[in-house]
Amino acid sequence: LAALQEEGFRVALDLPRGLFGMEQALKQRLVEARDAGVTHVWAGNLGAAALAKELGMTVHGGFSLNVTNSAAIEWYAAFGLADTELSLELASAMLSFEMTLPQMRDISKAVNAEVFAYGRLPLMLTRNCPAANSAKGCLHCTAAPELTDRKGVHFPVQCYGACSEVLNSVPLWMADRLAEVKQMDFGVLRFTTETREEQQRILEAYLRADGTPPAQGTFTRGLYYKGWVMG
């Protein structure tokens with residue numbers, strides 16, 4: 001952490017989306033981080049956001065706050081917890097990746113709006129690791145476990161905090177479509193299973209932004225172009 005700060009990187013903490021009794025332990029970690037000079041956090045639930053705000057930290061809202069329209073983002077911009085003096089007033093909020101790009105462009109910018117620009121989209125958040133009862137088990141993981149469906153497609157599982165998160169089999173990729181998300185204030189690249197070399201290659205592709213897509217079949221556009229199909 002200190003090395004990153006010395007090199008000029010601005011560091012923020014990514015808080016667990018599921019706490020389930022971890023509140024006091026998280027608060028202690030936040031105090032330690034704040035004392036070390038970290039003042040920004042990414043929070044995907046209101047409980048974690050409130051803990052950080054109570055300690056005077058700047059809160060950025062994550063995708064799991066489900067910001068899908070102007071009313072939601074305006075509510076988060078001025079949200080105050082009932083019966084307290086605490087107001088969250090998020091510094092930024094990531095828009096739901098279940099929105100289409102036109103919907104994102106038209107949304108209120110009451111706070112800085114972020115778009116999920118790269119990463120394996122989370123499919124499910126579970127209290128218990130779904131790989132715990134697999135043949136490999138979960139007690140002695142040396143690498144992130146994964147689930148395999150009937151077609152042989154692999155879905156990584158990330159365990160953290162009090163929950164496990166099942167990720168999509170391929171990442172969302174928008175490096176060749178950045179012009180279509182330029183109305184957003186920030187684009188977020190979420191690294192989960194990538195090696196350091198892969199992270200560097202992906203960062204270079206997004207900085208280059210020359211319109212070249214990755215290999216066919218290795219990525220998704222999510223719902224950005226098709227949205228939900230109601231039946």
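Modeller: Happy to! One term first: when I say two residues are in contact, I mean they have heavy atoms within 4.5 Å. Also, keep in mind that this is a predicted model.

Biologist: Good to know. Can we start with Asn 168, and what is it in contact with?

Modeller: Setting aside neighbours within four places in sequence, Asn 168 is in contact with Arg 120, Leu 121, Leu 123, Phe 155, Pro 156 and Thr 220.

Biologist: And where does Asn 168 lie?

Modeller: In the loop between strand E9 (163–167) and strand E10 (172–173).

Biologist: Is Asn 168 buried or exposed?

Modeller: Buried. Its relative accessibility is 15%, and the cut-off for buried is under 20%.

Biologist: You listed Pro 156 among the contacts of Asn 168. What stands opposite Pro 156 in the strands?

Modeller: Glu 146 does, with Pro 156 on the E8 side. Strand E7 (residues 146–148) and strand E8 (residues 154–160) pair in the antiparallel sense, over three bridges.

Biologist: How many residues sit between the strands in that hairpin?

Modeller: Five, and in the hairpin of E7 and E8 Gly 152 takes a positive phi near 85 degrees.

Biologist: How many bridges join E8 to E9?

Modeller: Four, and E8 and E9 run antiparallel. One of the facing pairs is Val 157 with Val 166 in E9.

Biologist: Back to E7 for a moment. How exposed is Thr 148?

Modeller: Thr 148, which has its place in strand E7, is partly exposed, with a relative accessible area of 46%. Leaving aside neighbours within four places in sequence, Thr 148 is in contact with Val 153 and His 154.

Biologist: And how far is Thr 148 from Ala 131?

Modeller: Their C-alpha atoms are separated by 10.0 Å, and the two residues are 17 apart along the chain.

Biologist: Let's switch to helices. Which residues of H2 are buried?

Modeller: Leu 26, Leu 30 and Ala 33. They cover an arc of only 65 degrees around the axis, which puts them on the same side of H2.

Biologist: Why would residues spaced like that point the same way?

Modeller: An α-helix has 3.6 residues a turn, so residues three or four places apart point the same way.

Biologist: Nice. What do the buried residues of H2 pack against?

Modeller: Strand E1 (12–14), strand E2 (40–43) and helix H3 (46–54). On the other side of H2, Gln 24 and Asp 35 are exposed.

Biologist: How many residues does H2 have, and how far does it reach?

Modeller: H2 covers residues 23–35, so to speak 13 residues, and reaches 18 Å from its first C-alpha to its last, close to the 18 Å expected at 1.5 Å a residue. Just after H2, Gly 37 takes a positive phi of about 100 degrees.

Biologist: Which residues have a positive phi although they are not glycines?

Modeller: Phe 20 has a positive phi of about 50 degrees, and lies in the loop between E1 and H2. Ala 209 has a positive phi of about 45 degrees. Ala 209 is in the segment after helix H6 (196–208) and counts as partly exposed, at 37% relative accessibility.

Biologist: What about H4, which of its residues are buried?

Modeller: In helix H4 (residues 70–77) they are Ala 72, Ile 73 and Tyr 76. They cover an arc of only 95 degrees around the axis, which puts them on the same side of H4. The buried residues of H4 pack against H3 and E4.

Biologist: New topic: how much space lies in the largest pocket?

Modeller: About 1100 Å³. Of the 21 residues that line the largest pocket, the closest to its centre are Arg 10, Val 11, Ala 12, Val 188 and Leu 189.

Biologist: Which elements give two or more residues to that lining?

Modeller: E1, E2, strand E4 (92–94) and strand E11 (186–190). The largest share, five residues, comes from E11.

Biologist: Last one: how many helices and strands are there in the protein?

Modeller: Six helices and eleven strands. Buried residues make up 41% of the 231 residues. Among contacts between residues at least 6 apart in sequence, 66% join residues at least 24 apart.

Notes:
Residues are numbered from 1 along each chain as its sequence is written. This is a predicted model: local features need pLDDT of at least 70, side-chain atom pairs count only at pLDDT 80 or more; totals for chains, interfaces and linings use all residues. Side-chain values use heavy atoms; hydrogens and water are left out. Buried means under 20% relative accessible area, exposed over 50%, partly exposed in between (1.4 Å probe, protein chains only). The arc is that of the directions from the helix axis to the C-beta atoms. Two strands pair if DSSP finds at least two bridges between them. On a 1 Å grid over the protein atoms alone, a cavity is a set of points where a 1.4 Å probe fits but cannot get out, and a pocket is an open set with protein on both sides within 12 Å along at least five of seven lines; lining residues have an atom within 4 Å of a point. Grid points are joined across faces, edges and corners, and a volume is the space filled by probe spheres set on the points.
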